[in-house]
Structure formats: C-alpha cells, structure tokens
Amino acid sequence: MANILVVDDEMGIRELLSEILGDEGHVVATAENAQQARELRAAAKPDLVLLDIWMPDTDGVTLLKEWQRDGLLTMPVIMMSGHATIDTAVEATRIGALNFLEKPISLQKLLKAVQQGISRGQEVTRVAAIPVRAPIASIDPHHLANDKNLPPATGIAYQQSIPASLMSADTQFFTASFELPLREARDAFERAYFEHHLGQEGGSMTRVAEKTGLERTHLYRKLKQLGVEPGKIAKKGI
C-alpha cells in the first residue's frame with residue numbers, strides 16, 4: 001500500500017484513477033491544480049505522484065521544475081498527458097520524472113507504471129538508509145580519464161557500504177565530482193548506469209528495460225537524452 005497523489009484538472013480522470021488505485025489498496029489524494037498539489041505534497045508527503053502536464057494555472061512540467069529546484073522531488077513522479085510531444089516527455093524525464101503515460105491510459109500500463117514507481121521509491125529509501133563510508137584516499141584514474149565531465153583534480157572515489165552480493169567486481173567504486181552541478185552529476189551517473197547495463201546485456205533494449213524497470217519507450221527517450229548509443233556500446237562490449 002502506498003500514498004499516491006493524483007494531480008489533474010479533469011474531475012473524471014481524478015475520480016477514475018482514485019477508484020482504480022483505491023481498489024488496489026492504495027491511499028489516494030487528489031488535486032485539481034498546482035496550488036492544491038503543493039499543499040498536499042507538503043502535508044501528506046506522498047510515495048508517488050501522478051502529474052498531468054496541461055493544467056490551467058501552472059502546468060505539470062513547471063511544477064516538476066519547481067519541486068526539483070526546491071529539493072522537494074523526493075518521490076517518483078509519473079507524468080500524464082494526451083497532447084504532449086516527445087520533446088515535452090524528454091524534458092520531463094530530464095528534470096526528474098520517472099515515467100510518462102499517454103492518455104487515454106490503459107489499466108495495464110497504469111498499474112505497471114505505478115508499481116514501478118512505488119518500487120523505485122522504496123529502492124531510493126533503502127539506499128538513503130545505507131551509511132556511506134568516508135572517502136578513500138586513492139582516486140581511480142581510469143574512470144576519471146574516461147569521463148570528460150569529471151575533472152581529475154576534483155574527482156573523489158567512494159566505496160559504498162552495499163552488500164558485495166549486490167555489486168559486481170567492476171562496480172565497487174563510483175567516481176563523482178563535487179564541482180559538478182547536481183543535474184550534471186546525476187546525468188553522469190545515469191549515463192554510466194545505462195552504459196553498464198547495456199554492456200552487460202549485449203545492447204539488448206528489451207533486457208535492459210526489464211532489468212532497470214523502465215518501459216522501452218521511456219528507456220529510448222532516456223538514452224537519447226543522455227547521448228547513449230546502444231549499438232556502439234554493444235560493439236565495444238562495455
């Protein structure tokens with residue numbers, strides 16, 4: 001069971017989603033505009049948000065940017081729209097949206113996206129609860145040399161306190177730079193994350209989508225946004 005916030009200016013859609021998700025055992029709150037969404041986000045701290053893009057006062061993408069800017073994007077957000085373009089969907093995922101559902105939304109796609117969103121939120125919560133060890137003294141020059149976004153002078157390698165069973169030998173360290181803006185640091189991590197899984201799965205988009213919990217369409221958009229080319233990675237055997 002999860003606390004879900006549905007934000008949509010159409011009453012029929014709010015009622016329908018509330019009924020469907022309620023039947024699945026979730027606690028659902030609804031908002032018809034951005035202002036109500038802000039208030040409910042502050043009061044209820046939802047586990048997941050279903051956010052419509054086109055709304056009369058403040059559109060969903062603007063609200064998503066606001067939450068991201070203010071450090072309030074602490075829960076998975078799934079965008080919804082019947083008129084949005086691919087560029088809009090890419091922008092939303094770049095800001096931080098987990099998924100994008102095109103209206104009319106099928107029951108199967110809705111429940112699958114909601115389950116993925118809840119699972120992702122739980123993963124983030126678990127990772128946040130894991131203590132991170134102090135920075136180790138050595139810097140991995142191989143990783144720094146291969147990532148142009150990470151200046152060698154500022155890169156620091158961290159060893160995460162994650163069970164060894166969950167990590168392969170080549171993923172024991174994650175290299176990051178504190179000099180990067182948050183968005184660039186996140187993009188660098190996501191790029192490395194997807195390149196790793198594409199290499200592991202031989203460039204298979206189907207297997208990577210299943211492994212990462214993303215729909216193929218969303219995965220394609222994400223890779224395009226990050227500048228990751230699956231074909232080249234498969235040939236290199238990264």
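The legends below describe an overall view and close-up views of a predicted model. Residues are numbered from 1 along each chain as its sequence is written. Local features need pLDDT of at least 70 and side-chain atom pairs count only at pLDDT 80 or more, while totals for chains, interfaces and linings use all residues; side-chain values use heavy atoms, without hydrogens and water.

**View 1. The protein chain as a whole.** The chain holds ten helices and seven strands (DSSP runs numbered from the N terminus: helices are H or I with at least four residues, strands are E with at least two). Of its 238 residues, 38% are buried (under 20% relative accessible area; exposed means over 50%, and partly exposed in between, with a 1.4 Å probe and protein chains only). Among contacts (heavy atoms within 4.5 Å) between residues at least 6 apart in sequence, 61% join residues at least 24 apart.

**View 2. Helix 1, residues 11-23.** The 13 residues of helix 1 should span 18 Å at 1.5 Å a residue, which agrees with the 18 Å between its end C-alpha atoms (the expected span is 1.5 Å times one less than the number of residues). Arg-14, Leu-17, Ile-20 and Leu-21 of helix 1 are buried. They lie on the same side of helix 1 because they cover an arc of only 140 degrees around the axis (the arc is that of the directions from the helix axis to the C-beta atoms). Glu-19 and Asp-23 are exposed on the other side of helix 1. Gly-25, with a positive phi near 95 degrees, follows helix 1.

**View 3. Helix 4, residues 86-95.** Buried in helix 4 are Thr-88, Ala-89, Ala-92, Thr-93 and Ile-95. The buried residues of helix 4 fall within an arc of 160 degrees seen down the axis, so they line one face of the helix. Their cover includes helix 3 (60-69), strand 4 (77-81), strand 5, helix 7 (182-200) and helix 9. Ile-86 and Asp-87, on the other side of helix 4, are exposed. After helix 4 comes Gly-96, whose phi is positive, near 145 degrees.

**View 4. The second largest pocket.** A pocket is an open set of points on a 1 Å grid over the protein atoms alone, where a 1.4 Å probe fits, with protein on both sides within 12 Å along at least five of seven lines. This one holds about 210 Å³ of space (the volume filled by probe spheres set on the points, which are joined across faces, edges and corners). Its lining has 13 residues, with Phe-100, Glu-102, Lys-109, Glu-215 and Thr-217 nearest the centre (lining residues have an atom within 4 Å of a point). Strand 5 (99-102) and helix 9 (216-226) are the elements that give two or more residues to this lining.
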